[in-house]
Every structure is written in structure tokens, then in C-alpha cells.
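Reader: I'd like to learn how to read a model like this one, feature by feature. Can you give me the general idea each time and then the case at hand?

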Amino acid sequence: MQKSIMATAATLAFLAAGPLSGQTISARPVLFKDPVWGVEPKHGEVVLGRTTLKAALRIFAVELEEDSVRVPLGHPGNPSLLEGREQRVGGVTFRARHRLDLGPDRYTLYFDENERLVALEAPAYARPLQRKEVAAKYPSLRVYYRGHNAERVPVYEGLEAPLGECVSLTAGVWLARGDAVENLGYVYTCATKPAPGGDK
């Protein structure tokens, strides 16, 4: 009986530490297709909080070798090293340390100091998106940041909607442009761990 309990506990611990415990999403943005809990990643999918920079470079090696991925001005390479400044989403502060640009039809990936995936950002979709559409889809949507112009008039909002354990949807909205959504993405809001043995 005790061996059976120990075996069950070991199996549960293995499953909790394995890829099934993460929130998986395709690197190709689809409007309002959120990360899915408990799906094993296949080619072209990433797991928030778990996928490493090294793994992403392997997964997307073909895309990164194509001419379609153009490194934006001001970025010395791809992946580029960021300053690691703190970003706040809701009540959570995280640091993006590396930025990996996969081209115009995929999310831009951000990794922390442990080189774990902590954010995905889609700068544009096939059609313009308005704040009210995001609010209708995510009733828990709230403002975590508000930017003002020189006259102290609000012109920009950072929005967040918690989606479950460790993952939130984020959106940037230009109030001065008819509540147009500038970007939509996801952030991993829990702490990450270095890869075992330093393998990232």
C-alpha cells in the first residue's frame, strides 16, 4: 500500500514538472485563442514559463534562417539582449531579458533572466481591433497602467485579464486613436526556475 502511494506521488510529481503542466500556445497568433492548459506542445508551440530560449531557437531554426525575419532598428541581433527593466502587469512585476523576433506572422517572444518564456506579443492582426471587443471577450479586463500627454489627458492604457494560474492576457490601447488596440499578448506571472544543469 505504501509503495503504491509513493509510486502515485512520484507519478504526480513527474507530471507536474513535465511539459503537460504548462500553458501551451501556438507561436502563430490567432485572435482570442488563449493558451491551453495541459496540452503537450508540438512543433511550433511554446509553453509559457517553461520553454527556454535555447529550445525556441531550435524550434524556429527554419523561420530564423529565412529572410522574412528582419531585425528591427535598434536591436543588435536576434535574439536581442534587453536591459531587463521591470514591467508591471496588474500586481505582478517581471523582467524580460531577451527578445526573439520570429517574423510578422508569429508572436514576438520574450524571455527572462532564466531564459524562460515570460511573454508573447502580437503587434497586429489581420483586422483592426477595438478595446470594447477585448472587454466583451474578457470580463475581468482591468487597467494596470495609464499614460498621459503633457496636458495630463489619458492617451494610452495597459490592460490585463487574468486567465488562470500564472497567465494573463495583456493589451495596449490608444485612447487618443478611438480605443484602437495596439498589441495583444500574454504574460507569465509566476516565478521561473533555471533549467536543470544550466541547460537552457
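Reader: How many aromatic pairs does the structure hold?

Author: Rings of Phe, Tyr and Trp (its six-membered ring) pair if their centres lie within 6.5 Å; planes under 30 degrees apart count as stacked, over 60 as edge-to-face and the rest as tilted. This structure, a predicted model, holds 4 aromatic pairs. In one of them, Tyr107 with Tyr186, the ring centres are 6.3 Å apart and the planes meet at 75 degrees, so the pair is edge-to-face. Tyr107 sits in the loop between β7 (98-101) and β8, while Tyr186 belongs to strand β13, so the pair ties together parts 79 residues apart in sequence. There is also one aromatic cluster, formed by Tyr145, Tyr156 and Trp174.

Reader: Before we go on, what are the ground rules for the numbers and labels?

Author: Residues are numbered from 1 along each chain as its sequence is written, and side-chain values use heavy atoms, with hydrogens and water left out. Since we are reading a predicted model, local features need pLDDT of at least 70 and side-chain atom pairs count only at pLDDT 80 or more, whereas totals for chains, interfaces and linings use all residues. As for labels, helices (H or I, at least four residues) and strands (E, at least two) are DSSP runs, numbered from the N terminus. The protein has 4 helices and 13 strands.

Reader: Are Tyr107 and Tyr186 buried or exposed?

Author: Buried means under 20% relative accessible area, exposed over 50%, partly exposed in between (1.4 Å probe, protein chains only). Both Tyr107 and Tyr186 are buried. Across the protein's 200 residues, 40% count as buried.

Reader: Which residues have the most contacts inside the largest nonpolar core?

Author: Think of a nonpolar core as a set of buried Ala, Val, Leu, Ile, Met, Phe, Trp, Tyr and Cys residues joined through side-chain atoms within 4.5 Å. The largest one here has 37 residues, and Leu109, Leu120, Val134, Leu169 and Tyr186 have the most contacts inside it. The elements giving two or more residues to this core are β3, α2 (53-59), β8, β9, β11, β12 and β13.

Reader: What does Leu120 touch?

Author: Contact means heavy atoms within 4.5 Å. Leaving aside residues up to four places away in sequence, Leu120 touches Ile25, Val46, Leu48, Tyr107, Thr108, Leu109, Leu184, Gly185 and Tyr186. For the protein as a whole, take contacts between residues at least 6 apart in sequence: 45% of those join residues at least 24 apart.

Reader: Which strands pair with β9?

Author: Two strands pair if DSSP finds at least two bridges between them. β9 (residues 117-122) pairs in the antiparallel sense with β8 (residues 108-111) over 4 bridges, and with β13 (residues 180-188), again antiparallel, over 4 bridges. On the β13 side, Leu120 faces Tyr186 and Ala119 faces Val187. As for cover, 5 of the 6 residues of β9 are buried. The hairpin of β8 and β9 has 5 residues between the strands, and Glu115 there takes a positive phi near 60 degrees.

Reader: What is the strand order in the open sheet of 8 strands?

Author: The order is β4-β7-β8-β9-β13-β12-β11-β10, with antiparallel pairing. Its edge strands are β4 (80-81) and β10 (142-148), each pairing on one side only. An open sheet of 3 strands runs β2-β1-β3, also antiparallel. There, β2 (36-37) and β3 (45-48) each have a single partner strand, so one side of each is left without a neighbour in the sheet. β1 (residues 23-26) pairs with β3 over 4 bridges, and Thr24 stands opposite Val47.

Reader: Which cysteines form a disulfide?

Author: A disulfide is a pair of cysteine sulfur atoms within 2.5 Å. The structure holds 1 disulfide: Cys166 and Cys190, with sulfur atoms 1.9 Å apart. Cys166 is in the loop between β11 (154-164) and β12 (167-174) and Cys190 in the segment after β13, so the link spans distant parts of the chain, 24 residues apart. At -80 degrees about the S-S bond, the link is left-handed. Cys166 is buried, with a relative accessible area of 11%, whereas Cys190 is partly exposed at 32%.
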